[in-house]
Amino acid sequence: YVFNAICDERIAEDFARHTGDDRLKYRILTALSLFHFENDNSKTSLTYDYSRRMLTQQVNNPQWVAHTFTRMAANYAVLHKNDSAAYYQKIAQTKQKIMDDEHRALLWTTQGMLSEGKPDQAVQCYRRALQIKSSPRCRILLAQCYERQGYTNRLWQNGIRHRTMPPCNSK
């Protein structure tokens, strides 16, 4: 199965390179980027994001720019390259109004990752992201943040009993 997936990825990549349809090319590159991002392979995801970035410059589609820069910021944050993440995050934030919920939530999740040194701010960002759209990655990051703050027992009690998260100021 892995071999087939790799072959399919190479076929899709080759097709994207040779198609004259920019929209299809963008969708293929987006799918490949997302696949690697969701499978914790941010370096490879970034290679597809750079291809997407080049395409967005040629086509001048503001929504594509917003989505591409949001994913790039998230990938750099996962790689702990916070200066690069902050650069793309800042640009993406200016385009929030044209983003879909998935990318707005990712934007807030990334802001939370960039705010890890300020736990209360990180918690607020993660909670805001989850209000927009739920994501396992964001839930994990929020739980880790709570754990670092010493909320572990309360987190488990509330999560099991009520399926909710404790407020950030209660132990």
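Reader: Is threonine 56 buried or exposed?

Author: Threonine 56 counts as buried because its relative accessibility is 3%; buried means under 20% relative accessible area, exposed over 50%, and partly exposed in between (1.4 Å probe, protein chains only). The model is a predicted one, in which local features need pLDDT of at least 70 and side-chain atom pairs count only at pLDDT 80 or more, while totals for chains, interfaces and linings use all residues. Residues are numbered from 1 along each chain as its sequence is written, and side-chain values use heavy atoms, with hydrogens and water left out.

Reader: Where is threonine 56 placed, and what is it in contact with, leaving aside its neighbours within four places in sequence?

Author: Threonine 56 belongs to helix H3, residues 42–59. Helices (H or I, at least four residues) and strands (E, at least two) are DSSP runs, numbered from the N terminus. Apart from neighbours within four places in sequence, threonine 56 is in contact with Tyr26, Asn61, Trp64, Val65 and Thr68, where contact means heavy atoms within 4.5 Å.

Reader: Stepping back, how many helices and strands are there in the chain?

Author: The chain has nine helices and zero strands. Of its 171 residues, 40% are buried. Among contacts with a separation of 6 or more, 47% come from residues 24 or more positions apart.

Reader: Which residues touch the most other members of the largest nonpolar core?

Author: They are Phe69, Tyr88, Tyr126 and Leu142, in a core of 28 residues. A nonpolar core is a set of buried Ala, Val, Leu, Ile, Met, Phe, Trp, Tyr and Cys residues joined through side-chain atoms within 4.5 Å. Two or more residues of this core come from each of helix H4 (62–78), helix H5 (82–93), helix H6 (101–114), helix H7 (119–132) and helix H8 (136–148). H4 gives the most, with seven residues. There is also a second, separate core of five residues, including Ala16, Ile28, Leu29 and Tyr48.

Reader: How do H7 and H8 pack?

Author: Their axes are 10 Å apart, at an angle of about 155°. Axes are lines fitted to C-alpha atoms, for helices over the stretch in contact, and angles run from 0 to 180 degrees between N-to-C directions. H7 is therefore roughly antiparallel to H8; angles under 35 degrees count as roughly parallel, over 145 as roughly antiparallel, 65 to 115 as roughly perpendicular and the rest as oblique.

Reader: And which residues make the contact?

Author: From H7, they are Pro119, Ala122, Val123, Tyr126, Arg127, Ala129 and Leu130. H8 contributes Cys138, Arg139, Leu141, Leu142, Cys145 and Tyr146.

Reader: Turning to aspartate 120, which side chain does it make a polar contact with?

Author: The partner is the side chain of glutamine 149, at 3.1 Å. A polar contact is a pair of N or O atoms within 3.5 Å; within protein, one must be able to donate a hydrogen and the other to accept it, and residues adjacent in sequence count only if both atoms are side-chain atoms. Aspartate 120 is in helix H7, whereas glutamine 149 lies in the loop between H8 and helix H9 (152–162).

Reader: Why does glutamine 149 count as buried?

Author: Glutamine 149 counts as buried because its relative accessibility is 18%. Aspartate 120, with a relative accessible area of 43%, is partly exposed.
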